[in-house]
Amino acid sequence: SNIIEHAIQSKYGSIALPAIGCGNHDCSIHVVVETMVTAVKSELTNRAVPLTVNFVIQPDKQNVYDEFCKHLF
């Protein structure tokens, strides 16, 4: 919510969020992605702002990309 609030105050049209913790530190990729996507969708819906959010995924993390696709589409 802090990132989105800052983006709104700064009048940004888009932000990029790194997919931190996806598969590292014994964190479930599914849980991390689901949490990130759900939180961003909720914030954007509650604030009714036209903000584009890009999730940045390392190029060698096809499994993380696939998980984001499942939750976004």
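Leaving aside its neighbours within four places in sequence, which residues is Pro18 in contact with? Hold that thought until the Pro18 view below; the overall picture comes first.

**View 1. The whole chain, from end to end.** What you see here is a predicted model. The protein contains three helices and two strands, and if you walk along from the N terminus, the elements come in the order α-β-α-β-α. The C-alpha trace spans about 35 × 25 × 20 Å along its principal axes. Of the 73 residues in the protein, 30% are buried. Now take the contacts between residues at least 6 apart in sequence: 64% of them join residues at least 24 apart.

**View 2. Strands E1 and E2, side by side.** E1 and E2 run parallel, and five bridges join them. One spot to look for is Ser14, which stands opposite Thr52 in E2. Strand E1 covers residues 14–18 and has two faces. Ile15 and Leu17 make up the covered face, while Ser14, Ala16 and Pro18 are on the uncovered one.

**View 3. Pro18 and its contacts.** Back to the opening question: apart from neighbours within four places in sequence, Pro18 is in contact with Met36 and Val56. Pro18 itself belongs to strand E1. In sequence, Pro18 and Val56 are 38 residues apart, yet their C-alpha atoms are 4.6 Å apart in space.

**View 4. A pair of aromatic rings.** The structure has one aromatic pair. It is formed by Phe55 and Phe68, whose ring centres are 4.7 Å apart; the planes are at 35°, so this pair is described as tilted. Where in the chain do the two partners come from? Phe55 is in strand E2 (residues 52–56) and Phe68 is in helix H3 (residues 62–72), so the pair links distant parts of the chain, 13 residues apart. Are these two residues buried or exposed? Both Phe55 and Phe68 are buried.

View 5. Lys11 has a positive phi, near 60°, and is not a glycine. You'll find Lys11 in the loop between helix H1 (2–9) and E1. With a relative accessible area of 74%, Lys11 is exposed.

View 6. Which elements does its loop lie between? Ala48 is in the loop between helix H2 (29–47) and E2. Ala48 has a relative accessibility of 65%, and because exposed means over 50%, Ala48 counts as exposed.

Notes:
Residues are numbered from 1 along each chain as its sequence is written. This is a predicted model: local features need pLDDT of at least 70, side-chain atom pairs count only at pLDDT 80 or more; totals for chains, interfaces and linings use all residues. Side-chain values use heavy atoms; hydrogens and water are left out. Rings of Phe, Tyr and Trp (its six-membered ring) pair if their centres lie within 6.5 Å; planes under 30 degrees apart count as stacked, over 60 as edge-to-face and the rest as tilted. Helices (H or I, at least four residues) and strands (E, at least two) are DSSP runs, numbered from the N terminus. Buried means under 20% relative accessible area, exposed over 50%, partly exposed in between (1.4 Å probe, protein chains only). Two strands pair if DSSP finds at least two bridges between them. Contact means heavy atoms within 4.5 Å.
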